[in-house]
Amino acid sequence: MAEPLRGGAFSGVAWLFLGVCWFGSLISFIRQRFSSRSATNKKPGRKRSTRYGGNSSSSVYRREAPWVNVAEPAKAPDAAESDPSDQPAPVTQENVANLSWFQFEQLIAASFRRKGFSAELTADGADEGIDIVLRERDNVLLVQCKHWAAEAVTVNVVRELFGVMHAKNARKAILATSGRLTSEARRFCEDNSIYCIDAKSLLSFVDPAAMPPQHEIAANRRDLCPLCGATMVVQTARRSGRRFRGCSRFPACRGTRSVGAASA
C-alpha cells in the first residue's frame, strides 16, 4: 500500500508544478503582447518649440513685413515666379512715363496699400474726377491721377478736385501726377488740404514691388494715345492755331498730347 500512495502523491505534486508553470507562462505571454502593442501605438515626442528662442527655419515665426500674413507659410517660388522677365521693372522716370493710364492708377493704389491704406479703384467713366478712394479707419481720402508727362496740371484741375472733395464730404484729397503742377495750382493745393505727388516726389513714393514687369511696359507709350493706346497724328487747332497730336480714332476717342510729349 505504501508504494502506490507515494506514487500518487508524486503525481499530484507534478501536476501542480506543471499548472503553476503554465500559468506563469500565460502571464508572461500576456505582458509581452501588451508591451509590444504599447510600443507600436506610442506617438513620437514633439520637438521643443523655438517660437521664443533658438534658430527656427519655419516661416511662421519669422519676423515679416506688416502686410505679410504671418499665419500663412511662405510658398516656394515656382518657375514662373523665378522668371526674371516677371520681376518688377525698375522705378525710373522713363518706365513710369511709359505706363498706361490704368497701369499708373494701379501703381498708385498699390503703393498706398503698402502704406496701410485701403485703396479702391473707381469704375471707369463713373469716377467724377476721382480715380482711387482711400480709407484709413474713419478717414476717407480721394485721389485723382493725372498721367501727364509733358503738360502741367493747371489750377482749374485742382479747383475741380476741390469741388468734388466737398461734394463727397471728404476731409482731404490727393493729386498724383507723373508730370508737374503750375505754381498757381501748387499754391491752391497748399491752401485747401490737397496733397500733391508730382514727378519729383513720385519716384520715392512708389513701391518698387508694385511696378509691372518690363515686358508689360510699352517702350513708345508716349507716342500713343493716353486714353486708348492708338497712334497719334499731328493736328492744328482751328481757333488758336496751336499744333497738337490727336488720337487717330477721333471722334471715337478724344485723347490728345502736346507736340513735344514724345520727347519729354
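Trainee: Which residue in S7 is the bridge partner of Met 232?

Mentor: Strands of a sheet pair through backbone hydrogen bonds, in either a parallel or an antiparallel way. In this predicted model, Met 232 has Cys 247 as its bridge partner in S7. S6 and strand S7 (residues 243–247) run antiparallel and are joined by five bridges.

Trainee: In what order do the strands of that open sheet come?

Mentor: Read it as S6-S7-S8, three strands with antiparallel pairing. Strand S6 (232–236) and strand S8 (256–258) are the edge strands, each pairing on one side only. On average, neighbouring strands here are turned by 35° against each other, direction ignored.

Trainee: Do S4 and strand S5 pair in the parallel or the antiparallel sense?

Mentor: S4 and strand S5 (residues 194–197) pair in the parallel sense, over four bridges. You can find Leu 175 opposite Cys 196 in S5. To get from S4 to S5 the chain passes through H5, and this β-α-β crossover is right-handed.

Trainee: Let's move to the rings. How many aromatic pairs does a search of the whole structure find?

Mentor: Four. For a pair of aromatic rings, you look at the distance of the centres and the angle of the planes. Take Phe 112 and Phe 117: their centres are 5.6 Å apart with 90° between the planes, an edge-to-face pair. Both Phe 112 and Phe 117 are buried.

Trainee: Why is the pair of Phe 162 and Phe 188 edge-to-face?

Mentor: Planes over 60 degrees apart count as edge-to-face. The planes of Phe 162 and Phe 188 stand at 90°, with the ring centres 5.7 Å apart, so this pair is edge-to-face. The pair also links distant parts of the chain: Phe 162 sits in helix H4 (residues 155–167) and Phe 188 in helix H5 (residues 183–191), 26 residues apart.

Trainee: And is Phe 188 buried or exposed?

Mentor: The cut-off for buried is under 20% relative accessible area. Phe 188 has 18%, so it counts as buried. Phe 162 has 22%, so that residue is partly exposed.

Trainee: Which residues do ring pairs link into a cluster?

Mentor: Phe 112, Phe 117 and Phe 205. Look at Phe 112 beyond its neighbours within four places in sequence, and you find contacts with Phe 117, Leu 134, Val 143, Ile 174, Ile 197 and Phe 205.

Trainee: Which residues in the largest nonpolar core touch the most other members?

Mentor: In soluble globular proteins, nonpolar side chains tend to be buried together. The largest core here has 23 residues, and Ile 108, Phe 112, Ile 132, Leu 134 and Val 143 touch the most other members. Elements giving two or more residues to this core are helix H3 (101–114), strand S2 (132–136), strand S3 (139–146), strand S4 (172–177) and helix H6 (199–205). H3 gives the most, with five residues. There's also a second, separate core of 19 residues, with Val 158, Val 164, Met 165 and Ala 173 among them.

Trainee: Where is Val 153 found?

Mentor: In the loop between S3 and H4. Val 153 has a relative accessible area of 0%, so it is buried. Leaving out residues up to four places away in sequence, Val 153 touches Lys 146, Trp 148, Val 158, Leu 175, Thr 177, Arg 180, Leu 181, Thr 182 and Ala 185. Val 153 and Asp 198 are 45 residues apart in sequence, and their C-alpha atoms are 9.6 Å apart in space.

Trainee: Now the backbone. Which residues does a cis peptide bond join?

Mentor: Most residues other than glycine have a negative phi, and most peptide bonds are trans. Here a cis bond joins Phe 250 and Pro 251, with omega about 10°. Pro 251 lies in the loop between S7 and S8.

Trainee: What is phi for Arg 137?

Mentor: It's near 60°, a positive value in a residue other than glycine. Arg 137 is in the loop between S2 and S3, and is exposed, with a relative accessible area of 84%. Ser 193 isn't a glycine either, yet has a positive phi of about 60°. You'll find Ser 193 in the loop between H5 and S5; at 43% relative accessibility, Ser 193 counts as partly exposed.

Technical notes:
Residues are numbered from 1 along each chain as its sequence is written. This is a predicted model: local features need pLDDT of at least 70, side-chain atom pairs count only at pLDDT 80 or more; totals for chains, interfaces and linings use all residues. Side-chain values use heavy atoms; hydrogens and water are left out. Rings of Phe, Tyr and Trp (its six-membered ring) pair if their centres lie within 6.5 Å; planes under 30 degrees apart count as stacked, over 60 as edge-to-face and the rest as tilted. Buried means under 20% relative accessible area, exposed over 50%, partly exposed in between (1.4 Å probe, protein chains only). A nonpolar core is a set of buried Ala, Val, Leu, Ile, Met, Phe, Trp, Tyr and Cys residues joined through side-chain atoms within 4.5 Å. Contact means heavy atoms within 4.5 Å. Two strands pair if DSSP finds at least two bridges between them. Axes are lines fitted to C-alpha atoms, for helices over the stretch in contact, and angles run from 0 to 180 degrees between N-to-C directions. A crossover is right-handed if, with the strands pointing away from the viewer, the path from the first strand over the helix to the second runs clockwise.
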